[in-house]
Amino acid sequence: MKKLNFLFLSFIIFGSFAFFSCSESKQTQKVDDIESSQKEQQQEDKKTILFFGNSLTAGYGIDQEDAFAGLVQKRIDSLNLNYKVINGGLSGETTAGGLSRLDWFLEDQPDIFILELGGNDGLRGIQLSETKSNLNAIIDKVREKYPQTKIILAGMQIPPNMGQEYTKEFQEIYPAVAKEKNVTLIPFLLEGVAGNPDLNLPDGIHPTEEGHQIVFETVWPFIQSIID
């Protein structure tokens, strides 16, 4: 009888322990779910900065967080600004490719849209009128869907491989588009970086981490000036 009572008591104690352990586990999970939901909601409530470009934006050859778009996010976080950065960079992207994939990025409104495309067009010798037309079309599409979105166009230059005339006319595309479409222009995205072997990867085209830091310093004032 004593043995039976002992077994019964053990069962009660074990059952109570299991019950409270289970309850505590469920309570912990509930708290974690609430915190996760709150974090997701905070992210959704943040305004969006969309960088839309090619391998320069994507941070080819380095960690994405060390590319200039990632450095913008770090600066924003350090200032406790209510913005999140989306990196829409794709290596090898042309203006035509960018135009064709733009709709997917416009499912949600970007509050600031930084357009960094055209460099690959120039390196491939694509007809200048096509590059300009595509840049205009990208800006028009963003503005048509989201009139309140602030647009920044990153100017680009190319080496004289295609001849001096092509190179000069290519450079002139960006201020012309910025003026026609009334958007903010970064005169040259790679100012102080292009052509410097110490600031570029061995391919001579893509910036190192140090190079991206300089690109960030070039880009940030234009973003800062239009942040709410």
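Helices H6 and H7

Author: H6 and H7 pack at an angle of about 25 degrees, with their axes 10 Å apart. Axes are lines fitted to C-alpha atoms, for helices over the stretch in contact, and angles run from 0 to 180 degrees between N-to-C directions. This is a predicted model: local features need pLDDT of at least 70, side-chain atom pairs count only at pLDDT 80 or more, and totals for chains, interfaces and linings use all residues. Residues are numbered from 1 along each chain as its sequence is written, and side-chain values use heavy atoms, without hydrogens and water.

Reader: Why are H6 and H7 called roughly parallel to each other?

Author: Angles under 35 degrees count as roughly parallel, over 145 as roughly antiparallel, 65 to 115 as roughly perpendicular and the rest as oblique. The angle between H6 and H7 is about 25 degrees, so they are roughly parallel.

Reader: What makes Asn136 buried?

Author: Buried means under 20% relative accessible area, exposed over 50% and partly exposed in between (1.4 Å probe, protein chains only). Asn136 has 13%, so it is buried. Asn136 is found in helix H6 (residues 128-145); helices (H or I, at least four residues) and strands (E, at least two) are DSSP runs, numbered from the N terminus.

Reader: Which residues does Asn136 touch, not counting those up to four places away in sequence?

Author: Val177, Glu180 and Lys181, where contact means heavy atoms within 4.5 Å.

Reader: Where in H7 does a kink lie?

Author: At Ile173, shortly before the proline Pro175, with about 25 degrees. The bend at a residue is the angle between axes fitted to the seven residues ending there and the seven starting there.
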